[in-house]
Amino acid sequence: MMPPHCAETSLDRNGIPRCCVIEAGHEGDHMDHQARTWEPPGTVLARLHETWGRTHRIIWTGRMWIATAHRDDVHWRTEVEPTPAQLEASLQKHSRPPDRPRARSAPSAPSAPSVSSTPSTPSAPSAPRVLDATDTGGAP
């Protein structure tokens, strides 16, 4: 008797369903009957969120990969693709990955005010930096 197989499904780049044939409970990548492998959705979702999560909400429906821009005013707001590679290619085509936040440098000691013959205009206070839960503060 054969052990039960994993049965995790995914779509290939043509949108054709494929099913994992490895034994149930396996770890690592999934594999179909033609020995084509794919990463577990959780692994892919974490990677896409790391790259695109600051500008897009990334979801896996169990069948399709969807990225929706957080901002309403962008030209191309939603991407829907059958594979993560196609989703990432579409995102790169229509927008660029957000810059990673830079690490903050240590604050410097305030300098002595300079004497000027012209009155200076006060500078506007800088806006506070808002961090989300995935911000690593510039760490890789």
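Colleague: What makes the pair R47 and E39 a salt bridge?
Modeller: The model is a predicted one. In it, the closest N and O atoms of R47 and E39 are 2.6 Å apart. A salt bridge requires a side-chain nitrogen of Lys or Arg within 4 Å of a carboxyl oxygen of Asp or Glu, so R47 and E39 form one.

Colleague: Why is R47 called partly exposed?
Modeller: The relative accessible area of R47 is 36%. Buried means under 20% and exposed over 50%, with partly exposed in between, so R47 counts as partly exposed. E39, at 29% relative accessibility, also counts as partly exposed.

Colleague: How do you know that D12 and R36 form a salt bridge?
Modeller: Their closest N and O atoms are 3.9 Å apart, and the cut-off is 4 Å; the pair therefore qualifies. D12 lies in the loop between β1 and β2, and R36 in the loop between β3 and β4, so the pair ties together parts that are 24 residues apart in sequence.

Colleague: Is D12 buried or exposed?
Modeller: D12 has 10% relative accessibility and counts as buried, because buried means under 20%. R36, with a relative accessible area of 32%, is partly exposed.

Colleague: What makes the contact between the side chains of H30 and H26 a polar contact?
Modeller: The distance is 3.1 Å, and a polar contact is a pair of N or O atoms within 3.5 Å, one able to donate a hydrogen and the other to accept it. H30 lies in strand β3 and is buried, with a relative accessible area of 8%.

Colleague: Why is helix α1 described as roughly parallel to helix α2?
Modeller: The axes of α1 (residues 41-52) and α2 (residues 84-94) cross at roughly 10° and come within 11 Å. Angles under 35 degrees count as roughly parallel, so the description applies to α1 and α2. Their contact is made by V44, L48, T51 and W52 of α1 and by P84, L87, E88, L91 and Q92 of α2. By class, this contact has 6 nonpolar, 2 polar and 1 charged residues.

Colleague: What covers the buried residues of α2?
Modeller: The cover includes α1, β5, β6 and β7. The buried residues in α2 are Q86, L87, E88, S90 and L91.

Conventions
Residues are numbered from 1 along each chain as its sequence is written. This is a predicted model: local features need pLDDT of at least 70, side-chain atom pairs count only at pLDDT 80 or more; totals for chains, interfaces and linings use all residues. Side-chain values use heavy atoms; hydrogens and water are left out. Axes are lines fitted to C-alpha atoms, for helices over the stretch in contact, and angles run from 0 to 180 degrees between N-to-C directions. Helices (H or I, at least four residues) and strands (E, at least two) are DSSP runs, numbered from the N terminus. Angles under 35 degrees count as roughly parallel, over 145 as roughly antiparallel, 65 to 115 as roughly perpendicular and the rest as oblique. Contact means heavy atoms within 4.5 Å. Ala, Val, Leu, Ile, Met, Phe, Trp, Tyr, Cys and Pro count as nonpolar, Asp, Glu, Lys and Arg as charged, and the others, Gly among them, as polar. Buried means under 20% relative accessible area, exposed over 50%, partly exposed in between (1.4 Å probe, protein chains only).
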